[in-house]
Amino acid sequence: MRDPYSILGVKRDARHEEIKAAWRTKAKTVHPDANRDDPDASARFAEIGQAYDLLKDPKKRDLYDQARRAAEKKQRGETIMQQREAAREAAERARAAEKLMEELARADARNRAQSGQKADAKAETAEDVVERIFGAEAQNDPKVQQAAEAAKAAASAAKSDAPATGEALQPGAADDKSAAAASLAANLFSALVRRFRTPQPVPEKAPDITAEATVTVADLLEHKWITVPLADEREVRFQLEAGMTDGHVVRLKGQGLKLPNMARGDLAVTLLTARDDAFSLRGFDIHTTLAISLGDAVLGCDAKVRTPLGEENVTIPAWSGSDRVLRLAGKGLADGNGGAGDLVIELRIILLEKPDEKVTDLMRHMREGLYL
């Protein structure tokens, strides 16, 4: 997504009223109904809506501004540091290359001199050269690691002077020297690569972004897949799992903001249960209500109660008031630890739709103390 401020044509310190006014003006201008001949009108209208959606929310806007400032500051700092680092590395590579070539020549002379000694004399290997030049603990010095690149250049230069494969080698000392130099340079480079592993720096992470997902209790019970639309025209999908309930925050690694020279942030999605649902959640317990008549409340009865996944049979004890609660153990949400919450049924006593003379007469006699 492009810079939302430039999309709406407002300054970065614009107030909410200015942003809203700019969005309304641009939305009217690029609305698809007013631009039926423009095939890109819908895309531009959607882009304006997404930019406004990001900037109208103070939290989202603040996160975006922080991430943008961090990225700009990082880029400015990196430009200066890269120039200084490049100059310093060039000087160090030059010094390391000069030192390596001197050691390479001396090691080559020793190897050729030792070749005339007795058969069990041990010639200096590439690993020996590395240890002698840099020391046994050289891998702890980051400056030494740059020598690998210099050794590679030395190896390439030495190989370019050596006879090509398949050419007849003359017994001259020059050919022997070039071949030995090329071989030792290649071995030296391999030894440096084996010993010095340049650690890759961990990139700075972009700020996380937040979103909300409205789900039903049935979605949580059935572990359905949820799709969350984001302001940058992406859609993120994830599956509901055991242990998730109302207010649970699902953290999706690497699905957040994408900024230059920074590792992608995370997306934190807060689950919200639908408020118009017949069921509500309190932790992992599912709450619902069951309407019963006055007679059933006094005498008790068997009834069916609706659950998110069907119906369940329940027994209502005699003399059950509206404060009575029935529990069906283990019929709630899975808690992620092998257990589950309960289905909590709250009783609600209701009267008949039309007045019943017998019930009315009975209640009058009970209130006035007249018993038949």
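Two strands pair if DSSP finds at least two bridges between them. I started my notes with that rule, for the strands below.

**Entry 1: ground rules.** I am working on a predicted model, where local features need pLDDT of at least 70, side-chain atom pairs count only at pLDDT 80 or more, and totals for chains, interfaces and linings use all residues. Residues are numbered from 1 along each chain as its sequence is written, and side-chain values use heavy atoms, with hydrogens and water left out.

**Entry 2: the chain as a whole.** I looked up the secondary structure and found 10 helices and 11 strands. Helices (H or I, at least four residues) and strands (E, at least two) are DSSP runs, numbered from the N terminus. The chain has 372 residues, and 32% of them are buried. Buried means under 20% relative accessible area, exposed means over 50%, and partly exposed lies in between (1.4 Å probe, protein chains only). Then I checked contacts, meaning heavy atoms within 4.5 Å. Of the contacts between residues at least 6 apart in sequence, 57% join residues at least 24 apart.

**Entry 3: strands β4 and β5.** I went to β4, residues 249–252. Four bridges join β4 to β5 (residues 267–273), and the two run antiparallel. V249 has T270 in β5 as its bridge partner. Which residues of β4 are on the covered face? V250 and L252 are, while V249 and R251 sit on the uncovered face. I noted the general rule: in a regular strand the side chains alternate between the two faces of the sheet.

Entry 4: Next I took β8, residues 301–307. Its covered face has C301, A303, V305 and T307. Its uncovered face has D302, K304 and R306. β8 pairs with β9 (residues 310–316) in the antiparallel sense, over seven bridges. The two form a hairpin with two residues between them. C301 stands opposite I316 in β9.

Entry 5: I looked up V269, which is found in β5. Is V269 buried or exposed? V269 counts as buried because its relative accessibility is 0%. Leaving aside neighbours within four places in sequence, V269 is in contact with A211, E212, A213, V228, F238, H248, V249, V250 and L252. V269 and H248 are 21 residues apart along the chain, with their C-alpha atoms separated by 8.2 Å.

V269 also belongs to a nonpolar core. Such a core is a set of buried Ala, Val, Leu, Ile, Met, Phe, Trp, Tyr and Cys residues joined through side-chain atoms within 4.5 Å. The largest one has 41 residues, and F238, V269 and I345 have the most contacts inside it. The largest share of this core, four residues, comes from β1. A second, separate core has 14 residues, including I19, A22, I48 and Y64.

**Entry 6: the largest pocket.** A pocket, on a 1 Å grid over the protein atoms alone, is an open set of points with protein on both sides within 12 Å along at least five of seven lines; lining residues have an atom within 4 Å of a point. Grid points are joined across faces, edges and corners, and a volume is the space filled by probe spheres set on the points. The largest pocket has a volume of about 820 Å³. I found 31 residues lining it, with L54, Y64, I209, A231 and L257 nearest its centre. α3 (41–56), α4 (58–114) and β1 (209–215) each supply at least two residues of this lining. α4 gives the largest share, eight residues. By class, the lining has 14 nonpolar, four polar and 13 charged residues. Here Ala, Val, Leu, Ile, Met, Phe, Trp, Tyr, Cys and Pro count as nonpolar, Asp, Glu, Lys and Arg as charged, and the others, Gly among them, as polar.

**Entry 7: the second largest pocket.** This one has a volume of about 400 Å³. It is lined by 16 residues, and L294, G295, L351, V359 and M363 lie nearest its centre. α9 (294–299) and α10 (357–368) give two or more residues each to the lining. α10 supplies the largest share, five residues. I listed the classes as 11 nonpolar, three polar and two charged.

**Entry 8: H31.** Last, I checked H31, in the loop between α2 (16–30) and α3. H31 counts as partly exposed because its relative accessibility is 29%. H31 and S42 are 11 residues apart along the chain, and their C-alpha atoms are separated by 7.2 Å.

Key: 1 Å grid on protein atoms, 1.4 Å probe; cavity = no way out; pocket = protein on both sides within 12 Å on 5 of 7 lines; lining within 4 Å.
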